[in-house]
Amino acid sequence: MSDRPAIPIADMIDAIISAGTSETETFNCTWSGEICPIEGVMYLECSDNTRFRVAQKVTEWTEGKRSWQIIPSTDSTGEVSQVTLVSSESLASDTEAPDICELVGRVVQLGKRNSLVQFKIKRSDQKTLKLTLVNSRNLNLKLSQLLKVQAQRVGKTLQILSAVSVEETSVSSEETQVTSVSILPTGETSKKLPTSETPPPNDAALTALLEETQQSGWQLAPAVKRRDGWEWEAVLPRTGKRARVLIKGKKIKVYEYAPEVKEVVELGNTQEITIDEQENLNSRLIVRPLGAAKGIGASCFQVFIGPYEIVMDCGTRPKGYDPLPALDRLQNPNLLLITHAHQDHLGAVPVFHARFPAVRMICTPGTREIAHVMLQDCLKVQQMNEDSPELFDETDLERTLFRLETQPIGVDFEPLPGLKVRFINAGHIVGAACIFMQYGDRSLVYTGDYNTTSSRTTEGLKLADLPKADMLITESTYGADNHPNRKAQESALLEAIAEVVKNGGNVLVPAFALGRAQEIILAIRTSAVFHKLQIPIFVDGLVRAVTDVFRDNLTLLPQAVKNFAQQKQEPFFDPSSPSPVIPITSPKQRPLAMAKPSVIIASSGMLTGGPSIYYASTLLERENAAIFISGYTDEESPGRLLQNLNTGDTVTLEGKELNVRAQVRKFNLSAHADKVGLTQVIHRVNPQHLILIHGSHEALHELSRAGDLKEKYYIHIPSVGEEIVYGEAPEHLSARRIAQFDLPNEFEVNVEAEVEGAWIRIPEEIIETDPRWQMLAETGVLKAKWEGFHLKLSPLTQRDIVLEEAIASGEDCCAVCNFFRAGKCQSEESPLFSFSVDPTSKCLEFIRKGVVGETNEKPEDEEENYAEEDEEMDDFYLLPEDEN
């Protein structure tokens, strides 16, 4: 897109506020087009053929396209209803420039989710304007802000490209100087700079942008202080182009975001795509897990959609061995999308970038901010642990973080031609997002990790935000469980902590450094009980660094935390509060944290490493101490082991044998959805293919059996490398079950009455094509049952006939055994236990129904029993156990 011709200085009012004036005066709207009279009404027809009615009469005008200075009028939906022509001039060139509107105005009204913004624009000696603009970039705007705005006409609306906060600083008694600070999209972050810091070199950043891009007019967001340098996000308002600048000493780096592209995709350099090939592309959707299949860790998914190969997440496994996903299976990836900053979803991104340096990587702004801490910690663990392979080095990490692009939550973007992507708030941790992806006729939702319940640090996933999709890839961490009430669990945890410290003890809360730890800190900071107790809360390990990110990026947190910060100034670390929150900055300070009654929040949450091991090895042997587990623990983790111990048991931590005297309890503050939340999300997306990942064997299979999921969707529990192709049913499904998805459930029949009875005539196409009819007609015998005014027909299978004959024989056999249920033996003493058995057989554990040993259970309908057995044998979702 070419640069718009410069606006003459005479047409632009200087952004200077006179003494005693509260509003800035500036407005300029320049569109190109030509006057077009239609049935006596004048219209301004723009270059894209969009017409706007001209408000005033135009007696004379110059024909042809011209550059027009106009004043638009907008309605409540943001559409321009009419325009007032001010002046015009010939176009400077044949190149069409975007239609731009520039203004300085005050926000007087905000639409839902900031989608529409109404500005009041005061002009010297002229009528005050009120314009409603579309906030297409999801900028974080607030009422009463005075902003310098640049918007572009898109169709009949004015869509905001950039918004700059205007700060009014007194310079003299005669005038006020105006300075500008960019407003970033919602979720973009900036750090409050200490006054003692050396000011960031903004001029050097602008110079670097000019030299690198050969374009002027870049606007910088506030500088972010990185470990040994400064970083800026930048935007070129007239085009919407984005870039990033990093200055470390004398080293300057510039990265330009790839522009969004809207043209139709073309494949091949010389060959044209046939209609059939394009149709195949429009319907192509294949998913292949490269990690987190039949387990948790190394989340990574290869998706072929349309002409593209997309990678979603690239994490590591927590164990030292085989930490990476199956990246060797990647062919020629076009894009990497990242859901959130937990290491099992993010930890291998530097490895991916080293292998595919030209591939764009995109996440939310919150995820990128946290990634700086999480990936640095990942590198530190690799370097310190001899058992951990070194996956990447400092250079790989720096390159990855610098090239990691961001897109806000809730806004559609097009990273590749024809590919629509949207990040949806996942409610798991700060910055976490589900991914919606669409190309042609096919669509997909990948949830990453999510929670439908809000926590203190993030709002829960809203079902209304989820679109329908052809495929759904969903985590299943708690697919076998239902969570207790979260608030009740939090209250119970606080009460348990208070009870221990009141009695002079210490409490260790091993917590996930990202999300859980900050949630517990906020719970304690806002608790009236702890205000009275005045007990110190010590924070140690990775928790400190992550909490610093939260503290410096409050815009990422819920409104309640922002309000608390405004009242208390410091929402997390506050040594001056009644119950001070104190970071441990050195291992030498750790013994002091346990010298007096205290609460210690330390990583890691499963006691697999970090300072929590140090504290646990001391506190476990104290009778007045407690260790309170706050969430998920892996089956093989020390945290899970501790939960199963009793007072007096012995346990070995880090090679040290300990005698357990402390109290150990588990509280459920999970950041994952439970079975109810998972099924709600599944039904909301309503996919044809449901792919269950990121869960234990029990959780995956329990979720697959929940409710009517198996009746409505193709359910897949894939292994690493296994392909799921849209439209192809899983191999385990029988022809009858597939027919339930593909064939109609209802059809019309004819009843033909005769003297001695009646015939029910089935349509010929059902008899010939529906495999369900084959089973129904297997024996030629049907059972009929009235259900109200409905007649239900069921097949009498060969198995039913054998069962009836066995019962009628009067012999002792499995058919009349007390332990015979759903076609299987339920006697744990029998060698046939859990196996399907012949109703005419008999074993030594036989007990006839109705005699000694009979249970209190109500007798079950044998017809239903065998129906259930058919389901289990033929159609129910069962997969072989993992080979390992």
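A residue is called buried at under 20% relative accessible area, exposed at over 50% and partly exposed in between, with a 1.4 Å probe and protein chains only. By this criterion Cys363 is buried, with a relative accessible area of 0%, and Cys46 is buried at 2%. The structure is a predicted model, in which local features need pLDDT of at least 70 and side-chain atom pairs count only at pLDDT 80 or more, whereas totals for chains, interfaces and linings use all residues. Residues are numbered from 1 along each chain as its sequence is written, and side-chain values use heavy atoms, with hydrogens and water left out.

Helices (H or I, at least four residues) and strands (E, at least two) are DSSP runs numbered from the N terminus. Two strands are taken to pair if DSSP finds at least two bridges between them. An open sheet with mixed pairing is formed by seven strands in the order E23-E22-E21-E20-E19-E18-E39. Its edge strands are E23 (404-406) and E39 (724-725), each of which pairs on one side only. Strand E22 (residues 360-363) is joined to E23 by three bridges in the parallel sense.

Axes are lines fitted to C-alpha atoms, for helices over the stretch in contact, and angles run from 0 to 180 degrees between N-to-C directions. Helix H5 touches E22 and E23, and its direction makes about 145 degrees with that of E23. Helix H6 also touches E22 and E23, at about 20 degrees to the direction of E23.

H5 (residues 365-384) and H6 (residues 394-403) pack against each other at an angle of about 170 degrees, with their axes 11 Å apart. H5 is therefore roughly antiparallel to H6; angles under 35 degrees count as roughly parallel, over 145 as roughly antiparallel, 65 to 115 as roughly perpendicular and the rest as oblique. H5 contributes Arg368, Ala371, His372, Leu375, Gln376 and Leu379 to the contact, and H6 contributes Glu394, Leu397, Leu401 and Phe402. By class, six of these residues are nonpolar, two polar and two charged. Ala, Val, Leu, Ile, Met, Phe, Trp, Tyr, Cys and Pro count as nonpolar, Asp, Glu, Lys and Arg as charged, and the others, Gly among them, as polar.

A six-stranded open sheet has parallel pairing and the order E31-E30-E32-E29-E33-E36. Strands E31 (581-583) and E36 (663-666) stand at the edges with a single partner strand each, so one side of each is left without a neighbour in the sheet. The twist averages 20 degrees from one strand to the next. Four bridges in the parallel sense link E33 (residues 626-629) to E36, and Ile627 stands opposite Val664 in E36. Helix H10 (residues 542-552) packs on the sheet, touching E30 (537-540), E31 and E32 (598-602), with its direction at about 95 degrees to that of E30.

Strands E34 (residues 650-653) and E35 (residues 656-659) run antiparallel and are joined by four bridges. Their hairpin has two residues between the strands, and Glu654 takes a positive phi near 50 degrees. In a regular strand the side chains alternate between the two faces of the sheet. E34 has a covered face of Val651 and Leu653 and an uncovered face of Thr650 and Thr652. The bridge partner of Val651 is Leu658 in E35.

The structure holds zero disulfides, a disulfide being a pair of cysteine sulfur atoms within 2.5 Å. For Cys46, the nearest cysteine sulfur is that of Cys29, 9.4 Å away.

Methods
Contact means heavy atoms within 4.5 Å.
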